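This report concerns one protein chain, which is shown next together with its sequence.

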Amino acid sequence: MYDAVGGQAFFDQLVDRFYDGVADDPVLRPLYPDDLGPSRDHLAGFLAQYWGGPPLYSAERGHPRLRMRHAPFEIGVAERDAWMGHMRAALAGAGLGDDIHTAMVDYFESAATHLINKQPPAPPTDSRRLPLS
């Protein structure tokens, strides 16, 4: 896949489009450091490696351990949906063929859902209701 999409340049451009959206997102921006540069580099390196590029990400940062790296951040459905919205927009601007586009969306959907670590609040209970018997 890495070679089919054009190598590292593709992933750099994809991540740039993605972070252009994140930079102004009220849900996601608070989760990132002030300087998005290192985050851009890490994501582009990870994605390039994941999709068949050289293992430079692992050489620099070790095993990806996505859940562990994201554990300090509260990621719920809203955060996942916002992240996916920006990634879908970034992918839409990539000019990919349907098969590659679908494979990438499927991966991102799965990975983003896997990183959810915050459950929605329980619905309020109505103490006026009679218990079912």
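Predicted model: local features only at pLDDT ≥ 70, side-chain atom pairs only at ≥ 80, totals over all residues.

Residues are numbered from 1 along each chain as its sequence is written, and side-chain values use heavy atoms, with hydrogens and water left out.

**Helix α2**

Helices are DSSP runs of H or I with at least four residues, numbered from the N terminus. Helix α2 covers residues 8–22, and its 15 residues should span 21 Å at 1.5 Å a residue, which agrees with the 21 Å between its end C-alpha atoms; the expected span is 1.5 Å times one less than the number of residues. The buried residues of α2 are Phe10, Phe11, Leu14, Val15, Phe18, Tyr19 and Val22, where buried means under 20% relative accessible area, exposed means over 50%, and partly exposed lies in between, with a 1.4 Å probe and protein chains only. Because these buried residues fall within an arc of 155° when seen down the axis of α2, they line one face of the helix; the arc is that of the directions from the helix axis to the C-beta atoms. An α-helix has 3.6 residues a turn, so residues three or four places apart point the same way. The buried residues of α2 pack against α1 (2–5), α3 (37–50), α6 (77–92) and α7 (98–114), with contact meaning heavy atoms within 4.5 Å.

**Salt bridges**

A salt bridge is a side-chain nitrogen of Lys or Arg within 4 Å of a carboxyl oxygen of Asp or Glu, and by this rule the count comes to 5. The table lists some of them.

| Pair | N to O distance |
|---|---|
| Lysine 118 and glutamate 79 | 3.5 Å |
| Arginine 80 and aspartate 81 | 2.8 Å |
| Arginine 88 and glutamate 109 | 2.5 Å |

The pair of arginine 88 in helix α6 and glutamate 109 in helix α7 links distant parts of the chain, 21 residues apart. Arginine 88 is partly exposed at a relative accessible area of 39%, and glutamate 109 is partly exposed at 26%.

In the pair of lysine 118 and glutamate 79, lysine 118 lies in the segment after α7 and glutamate 79 in helix α6, so the pair ties together parts that are 39 residues apart in sequence. Lysine 118 counts as partly exposed at 32% relative accessibility, whereas glutamate 79 is buried at 12%.

**Two loop residues**

Aspartate 25 lies in the loop between α2 and α3. Aspartate 25 is buried yet has no salt bridge, and the nearest side chain of opposite charge, arginine 29, is 9.3 Å away; here Lys and Arg count as positive and Asp and Glu as negative, while His and the chain ends are not counted. A polar atom of the aspartate 25 side chain lies 2.8 Å from the backbone nitrogen of leucine 28, and the side chain also makes a polar contact of 2.7 Å with the side chain of histidine 86. A polar contact is a pair of N or O atoms within 3.5 Å; within protein, one must be able to donate a hydrogen and the other to accept it, and residues adjacent in sequence count only if both atoms are side-chain atoms.

Arginine 65, in the loop between α4 (56–61) and α5 (66–70), has a positive phi of about 40° although it is not a glycine.
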